[in-house]
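Hello,

Here is the structure I said I would pass on. My notes on the ligand and on the aromatic rings follow below it.

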Amino acid sequence: MQRIFSGIQPTGIPTLGNYLGAVRNWVKLQDDHDCIYCVVDLHAITVTHDPKTLAQATREMAAALIASGIDPVGSILFHQSAVHAHLRLSWIFECVVRIGWLNRMTQFKDKAGKDRENVSAALYTYPALMAADILAYHATRVPVGDDQRQHLELANDVAQKFNFDFCGGDSFFPVIEPLILGPAARVMSLRDGTKKMSKSDPSDQSRINLTDDADTIAQKIRRAKTDPEPLPSDPAGLEGRPEARNLVGIYAALTDTDHATVLRDYGGRGFGDYKKALADLLVDKLTPIATEMRRLLDDTATIDAILRDGAARAETIAEPIVRQAEQLVGFLRV
Ligand code: AQP
């Protein structure tokens, strides 16, 4: 079985974007892959964070993943800071990655914005840690949203350069294949169809959180930005209408169909009707997850035990791989 690795930052309650772009696919992949899923708390501190809430946010993210269908027994679920192999390999990769490669990363440009001189150095080198997260397990398939495609290309460049520099071209680190699946690989903000939906967006109205109740979901969808035209009857008519495209993509993803199928049913209709149907569908799909998440969070000792067990199992896989990488680099072992 091929090995899957993917991670999610405990930087807030997961959004519909995280769910449709990543987590829902993680759940499906468990059937026929060896899966390792990680709450990436080391990544979460690359931006300003509150140390008083990080541990609880990590538990909440683990609960959200289990409530969404991640099986912590059949798969491995753990938090990144508990397995030190990630950091050891990340340092090696920081020495392999070239500044010119990091300069091209659009996520850094988006997150740093105009305050570039003032963000952490770790936000800049984030893709080296991400490459280490995956390659410490020799994982070959990485399910992510479309926003992470560029980071995975960089991870492959890092692996290739490491193999060339330290292994005479042998493939010690494998090639990673991004799995970018479904019609909602990039869910956009409800307030601006050109911006991705993010859990740390300052506007709560821009996103659906997995814990939102039925009234909140209905209200956010009702207020979602749209244009004055009715829905088109085929996908070509979504061109230049980012908000309409986003709302259609969400419906398609939730019903496991595509834009064309949704537009066959709703083409020609106004957004009033469509938004009502979309809100009902969202409530139907998300309410069971929120309920299960609340139940799990009543027993934090069990969540902690799951993460501890996951970290021990993850370490068993990563430790020999990272030790071998250290040997290839030439560190003295005494
Ligand atoms: N809007 C999105 N549409 C589709 N997929 C998305 N993902 C994130 N946003 C969308 C996917 O979710 C996984 C976990 O993401 P992350 O938490 O590690 O980092 P992120 O991509 O930076 O997500 P956020 O929600 O935007 O977090 P913040 O606000 O903290 O930066 C990834 O696979 C990602 O592709």
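Helix 1 is the element that contributes the most to the shell around the ligand, with four residues. Please keep in mind that this is a predicted model.

The shell as a whole consists of 22 residues, and the closest of them are Thr11, Asp147, Ser198, Lys199 and Ser200. By type, the residues of the shell split into 10 polar, seven nonpolar and five charged.

An N or O atom in the side chain of Lys199 is 2.4 Å from an oxygen atom of the ligand. For Ser200, the distance from a side-chain N or O atom to an oxygen atom of the ligand is 2.4 Å. Lys111 has a polar side-chain atom 2.7 Å from a ligand oxygen atom.

How much of the ligand does the protein bury? On its own the ligand exposes 640 Å², and the protein buries 97% of that. The space the ligand takes up is the largest pocket. Strand 1 (3–8) and helix 1 (16–29) are the elements that give two or more residues to the shell around the ligand.

Now the aromatic rings. Searching the whole structure gives 13 aromatic pairs. One of them is formed by Phe93 and Phe162: the ring centres are 6.3 Å apart and the planes stand at 75 degrees, which is over 60 degrees, so the pair counts as edge-to-face. This pair links distant parts of the chain, since Phe93 is in helix 4 (residues 85–96) and Phe162 is in helix 8 (residues 149–166), 69 residues apart.

Regards

Methods. Residues are numbered from 1 along each chain as its sequence is written. This is a predicted model: local features need pLDDT of at least 70, side-chain atom pairs count only at pLDDT 80 or more; totals for chains, interfaces and linings use all residues. Side-chain values use heavy atoms; hydrogens and water are left out. A residue is near a molecule or strand if one of its heavy atoms lies within 4 Å of it. A polar contact is a pair of N or O atoms within 3.5 Å; within protein, one must be able to donate a hydrogen and the other to accept it, and residues adjacent in sequence count only if both atoms are side-chain atoms. Accessible areas come from the Shrake-Rupley method with a 1.4 Å probe; for residues, only the protein chains shown count as cover. On a 1 Å grid over the protein atoms alone, a cavity is a set of points where a 1.4 Å probe fits but cannot get out, and a pocket is an open set with protein on both sides within 12 Å along at least five of seven lines; lining residues have an atom within 4 Å of a point. A molecule sits in a cavity or pocket if more than half of its atoms lie within 2 Å of its grid points. Ala, Val, Leu, Ile, Met, Phe, Trp, Tyr, Cys and Pro count as nonpolar, Asp, Glu, Lys and Arg as charged, and the others, Gly among them, as polar. Rings of Phe, Tyr and Trp (its six-membered ring) pair if their centres lie within 6.5 Å; planes under 30 degrees apart count as stacked, over 60 as edge-to-face and the rest as tilted.
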